[in-house]
Amino acid sequence: MKRYVCIHGHFYQPPRENPWLEAVEMQDSAYPYHDWNERITAECYSANAASRILDGRGRIVNIPNNYAKISFDFGPTLLTWLKEKDPETYQAILEADRESRRRFQGHGSALALAYNHMILPLANRRDKYTQVLWGIRDFEHHFGRRPEGLWLPETAVDLETLGILAELGIKFTILAPRQAKRVRPKGRGGWLDVSGGRIDPTMAYEHRLPQRRKITLFFYDAPISQAVAFEGLLADGVQFAQRLMEGFSDQRTHPQLVNIATDGESYGHHHRQGDMALAYAVRYLEENRLAELTNYAAYLKKHPPTHLVEIFENSSWSCIHGVERWWRDCGCNSGAHPHWNQAWREPLRNAFDWLRDNLAIKFEQAAARLLQDPWEARNDYIHVILNRSAETLEEFFRRHARHYPSESEAVTILKLMELQRHLMLMYTSCGWFFDELSGLETVQVLRYAGRAVQLASEVLDDPSVEPEFLHRLEAAKSNIPEEQDGRRLYEKWVKGTVVDLFKVGAHYAVSSLFEDYPSQTKIFAYTVEQEDYQLKESGRVRLALGRARFTSEITRESATLTFGVLHFGDHNLNCGVREFQGEEAYAGMVNEVTEAFYRADLPETLRSLDRHFGASIYSLKSLFYDERRKVLEVVMQSALQEAEALYRQIYNQEAPLMRFLKSMDGIPLPRAFLNAANFHLNCHLRKAFEEERFEAVPHLLEEARLWPVELDAAGLGFALTQTMIRLVEAFRSQPENLEVLERLKAAAELAVSLPFQVDFRKVQNIFFAMLQTVYPEWQRQAGQGEEKAQRWLSHFHALGEKLSVCVESGGP
């Protein structure tokens, strides 16, 4: 009896991009990382691309790519983010699929995923079709092949969705056992009730659909999957492998497939070092020949379904009630707030459904004037999303426009397509999954709805959409009294973040005071072509005047704007933006404002800006969030330096008294003294790590232990990690540089002695790669008696010891 194992990871993050900037902005809750995508990538996605196998001494002997040995899917929006922000991990994911195709007779392990994680049974047929099609096209764009399988968001399923999968050429999907209703052998026998999760999950099943279509369904092993996700099974790789083997039964006579499916984030994010348990379990299974690793497509090719299955429609893997978790107060929640309710879910979805359906009719009418088939154009728009080049747009217009569009018509077409994109993005499942209306995920889908409302007002010329939408949002009540309802949240978190070209112009004008822009630059999803720029200074006060052309890379909307910004040297500034009204008007504005500024008449300078720019006045708050943080750091720099000097002075001056008080039992240190010590020592430790002054660290740590100071463990560890990455990358580029090697060794020696964790992963990855490529030649030279090579070898071995990498064997 043949035994197979398939481990599936569903790797997904909700879209976090600002809908107007097409970029993920800083999220303070992800500290010390920029945002949660970045943090989870470090903990999980990149960790699985370069996991660890350890020897008996806890040293790394191999760094395997876990993706090459498992089945997986990646959220399309997440994969696009990885391509830009972590290309090394992105390429490792693609290479894993290529390797799996070589390993499994042409069947890749990667699966597609419906585009933005919409709960498909709750969608209309049109959205279902587009979501699946976009997921397939996105997969083809990244992996260069047709997908054989597709993961359904939350495994939420109905027959219409399965029919669309089959229509679009998808061979199989994966469901939870409790989604199976009944089974029977093909061609004979009666139906057997398998409700309640009683289906045999070790084989493939065929589901027959209308129009003579069919699709294969796999059902994962629920108890083992549950143990991986929630019961601590990933604490030990051997136990994980052994538990997988328990999924087989000698009572079965067919070739058995033990397959499990969990969120991929289980392997490293939800469970620290879960990636290593996965890597070791896979190795244990292979080395002991306990079962054959496979993927779903390869198993299906060898062992087609022998049984038919029928499912419970409108069911999912994460709501025992079906799909109610994403539209009503069914009782499914995180459990963190037992006194809260989720009654807000239904009115929120009702408001979104009204917005979608109300705008669909108007979209059809407006788009039909420019496009042959508006909905077919929407389906094809995924090619533009994936590649916004002029050539792609040219092809899109050629295929779908009634005639070649003028510049303004092209903008209208693209805005209509973006309207539809955001009307789908607003249904991302996470918006309903959690406990509270004001949560980050729900606010995010409200922002997508806000972008759709803005686009509708621009291209459909219907000012009534937003008031009615806000009225409907009032029915969604928050559990937090001060947050009130959906309308209040929309007005608080969405209205103020709406971006237009004027706001981009204000951002450019203000930020130009703090960084030098080239004549052509990019600000998130906008390009800027500078036509004139003048900067005047008088002491701390600065005046910037200019003119530039701003263009959206998404809609191609463009405008030439003039701007003027007066900065008083601190956080106070005034900025004005207006459309360019000709050379004469522009020159007059520049002359008038400049003349007042040169007279040092700041009130008149402000009045001149007001006369020329009217109500279009912006401030530091108008900057986009990341840039605002950056500018505020510049603005606060002198103040922080003064504060740092004061805390240092207090600490140095009062340290003798603090030591005396410390020696007196029962007398607590004054809070002011402790605050000074805390600020001073954390600040100096961070600088020591960043500036490679490693020799200063032991004394500072001793001081910190004395009081004791609460160390910023996450921030300090991150600072040293970044320094070590900088050093190891320098070593990789110049392996003959003994000084860099010695500095890196000193950093590693320091890191292992610290009272907080330092992430060695990237440093270990580069070191291990050099062990395979660079080390053998230095070892050869050392064997020939070359003194420098012998010194190099000695330092390299010592560094490997500190990094917990086995050097003696030269790798696996």
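Helix 4 (residues 125-143) and helix 5 (residues 159-167) of this predicted model pack with their axes 10 Å apart, at an angle of about 40°. Axes here are lines fitted to C-alpha atoms, for helices over the stretch in contact, and angles run from 0 to 180 degrees between N-to-C directions. Helix 4 is therefore oblique to helix 5, given that angles under 35 degrees count as roughly parallel, over 145 as roughly antiparallel, 65 to 115 as roughly perpendicular and the rest as oblique. The contact (heavy atoms within 4.5 Å) involves R125, K128, Y129 and V132 of helix 4, together with E160, T161, I164, L165 and E167 of helix 5. By class, four of these residues are nonpolar, one is polar and four are charged; Ala, Val, Leu, Ile, Met, Phe, Trp, Tyr, Cys and Pro count as nonpolar, Asp, Glu, Lys and Arg as charged, and the others, Gly among them, as polar. Helices are DSSP runs (H or I, at least four residues), numbered from the N terminus.

Residues are numbered from 1 along each chain as its sequence is written. Local features need pLDDT of at least 70 and side-chain atom pairs count only at pLDDT 80 or more, whereas totals for chains, interfaces and linings use all residues; side-chain values use heavy atoms, with hydrogens and water left out.

Among the residues making the contact are L416, L419 and L423 of helix 14 and Y448, A452 and L455 of helix 16. In total, this contact has ten nonpolar, two polar and four charged residues.

The largest nonpolar core has 194 residues; such a core is a set of buried Ala, Val, Leu, Ile, Met, Phe, Trp, Tyr and Cys residues joined through side-chain atoms within 4.5 Å. I7, F74, F240, F352, L355 and F469 have the most contacts inside this core, and helix 10 (residues 345-368) gives the most to it, with ten residues. Beyond its neighbours within four places in sequence, I7 is in contact with residues including I70, F240, L244 and V282. A second, separate core of 59 residues includes L720, A747, F796 and L799.

L674 is found in helix 23 (residues 671-690). L674 counts as buried because its relative accessibility is 19%, where buried means under 20% relative accessible area, exposed over 50% and partly exposed in between (1.4 Å probe, protein chains only). Not counting residues up to four places away in sequence, L674 touches L669, W707 and P708.

Methods
Helix = DSSP H or I, 4+ residues; strand = E, 2+ residues; numbered from the N terminus.
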